[in-house]
Amino acid sequence: MLLGVAHPMRECWVLAGFVPETRPEVAALDALRKELGFDPTARSHELDASSKTAKRSPKRILERLTGGEVDREARCWTEPDLDHLRQRGRDNGLAAFLSEVEERLAPALSSSFAAESTALDLGCPPVKEDDTGSSAPER
């Protein structure tokens, strides 16, 4: 169960995608490896802390690696390939989440887009579900 993960998922998931890009980022990650005794980007599932300033706080570690830059955090999600995210996220819930999206959401979206595309190709108005779950052409 994805929601049952007991640690701060978001920060751990972002850390799983962190790849140092600059010398200061490499230095910060090296310092954190020494401080923690492990690589927090490869083993983010071992991070847990109730206080943002605690040694194993994912929030503190993410802040230290990204400098609190929202754009830098976003690149941790968007730039690594899915295999990298799956490997690093195997034990923190990210890999399970990505698999669930791939298995459930992607096919549902794909079939929805295909149905809408077919309807438009045939000159039919798009179908829109009402509150009861039944479908009717959009007007």
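Reply: Buried here means under 20% relative accessible area, with exposed being over 50% and partly exposed in between. Keep in mind that this is a predicted model. Let's start with Glu 73, which sits in helix H4 (residues 70-78). At a relative accessible area of 16%, Glu 73 falls under the 20% cut-off and therefore counts as buried. Its side chain makes a polar contact of 2.7 Å with that of Arg 10. Setting aside neighbours within four places in sequence, Glu 73 touches Arg 10, Val 14, Leu 62 and Thr 66.

On to the salt bridges, which number 14. One of them pairs Lys 59 with Glu 11, at 2.7 Å from N to O. Lys 59 is partly exposed at 37%, whereas Glu 11 is buried at 7%.

Arg 72 bridges to Glu 25 at 2.8 Å, N to O. Here the link runs between helix H2 and helix H4, with the partners 47 residues apart, and both of them are buried. Arg 72 also forms a salt bridge with Glu 21, at 3.7 Å. Glu 21 lies in the loop between H1 and H2, 51 residues from Arg 72, and is partly exposed at 41%. Put together, Glu 21, Glu 25 and Arg 72 belong to a salt-bridge network that also takes in Arg 75 and Glu 79.

Definitions and conventions: Residues numbered from 1 in each chain as written. Predicted model: local features only at pLDDT ≥ 70, side-chain atom pairs only at ≥ 80, totals over all residues. Heavy atoms only, no water. Helix = DSSP H or I, 4+ residues; strand = E, 2+ residues; numbered from the N terminus. Buried < 20%, exposed > 50% of the residue type's maximum accessible area, 1.4 Å probe, protein only. Polar contact = N/O pair within 3.5 Å; in protein donor to acceptor, adjacent residues only side chain to side chain. Contact = heavy atoms within 4.5 Å. Salt bridge = Lys/Arg side-chain N within 4 Å of Asp/Glu carboxyl O.
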